[in-house]
Amino acid sequence: MTTEAAAVPGLAGQVLAAYGDRISLHDLYDEAGAPVYHDLAAVDTTEIRELLRSVRAVPGPVLELAAGSGRLTLPLLALGREVTALELEESMVALLRERLVEAPAGIGKRCTVVRGDMSAFELGSTYAVVVLGTTSVSLLDERGRAGLYAAVRAHLRPGGRFLLSTVDVTDTDGDDLDLEAVGVSGRRYRMIEHWRAGQEVRKVTILPPQRHIPEEGPVLALTTSIRVLPPDDLARELALAGLRVVARHPLPAASSRHTGVLLEAEAA
């Protein structure tokens, strides 16, 4: 087992150790992880209805940050809007471009894809709505979030809205969360989340369920680190950055441990 795999904490670390040197460990957002991310994201409709409702209330072009493989991009385009989709990872950009080419009725022509960092971007345009979904704000550290807020303010039109989702976490039993998920392809995945009350980061590991792992050959395992950012904490950060939260929309719970909220902010 690699040094990186040995550093994975909790139950996931024990599971990876059982496969020894067979483990091929990657980040969820790199070239190996991108197809799995897309497979899982494509079946997750959490926040889409609430987000689209808020976008409809503010006419004009939309900037989507951390667009990934297009989980929110295509629904935003279906509203008839002009959408600029910004994404850092080259593997995700490639997937998004493929999906836009395959999109029905040429709606992909209304989308401009930009490779860039959501914590530091300058696009030379302003937008009626800036969207940061899929709790992607939790991927940024404090400095990165400060850069994000400044860039968002610079790109918001007067009266515009910044929509971002976050997840609060409750430590219900002190154990690691171990569940099975099914991607849009029908493929099944084992997802293990390690988090303890008070920790700033939760670690998520994704690999095939044990019954789907062959007796020989490499075992692909994907990891990502997600910061715990309660909505009250985010609202305070936004206020200090000159972005006032004007609405909070509860999101469907992904599990008994997670509580999602869509924040709606405007330039103060």
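Which strands does helix H2 (residues 10-19) lie across? Helix H2 lies across S1, S7, strand S8 (188-194), strand S9 (201-207) and S10, and runs at about 130 degrees to S8.

## Basis

This is a predicted model: local features need pLDDT of at least 70, side-chain atom pairs count only at pLDDT 80 or more, and totals for chains, interfaces and linings use all residues. Residues are numbered from 1 along each chain as its sequence is written, and side-chain values use heavy atoms, without hydrogens and water.

Helices (H or I, at least four residues) and strands (E, at least two) are DSSP runs, numbered from the N terminus. Axes are lines fitted to C-alpha atoms, for helices over the stretch in contact (heavy atoms within 4.5 Å). Angles run from 0 to 180 degrees between N-to-C directions.

## The open sheet

Five strands form an open sheet in the order S1-S10-S9-S8-S7. Pairing is mixed; two strands pair if DSSP finds at least two bridges between them. Strand S1 (23-27) and strand S7 (177-182) are the edges, each with a single partner strand, so one side of each has no neighbour in the sheet. The twist averages 25 degrees from one strand to the next.

S1 runs parallel to strand S10 (residues 219-227), joined by 5 bridges. Ile23 has Val219 in S10 as its bridge partner.

## Around strand S5

Strand S2 (residues 62-65) pairs with S5 in the parallel sense over 3 bridges. Val62 has Val129 in S5 as its bridge partner. S5 also runs parallel to strand S6 (residues 156-169), through 5 bridges. Leu132 stands opposite Leu164 in S6.
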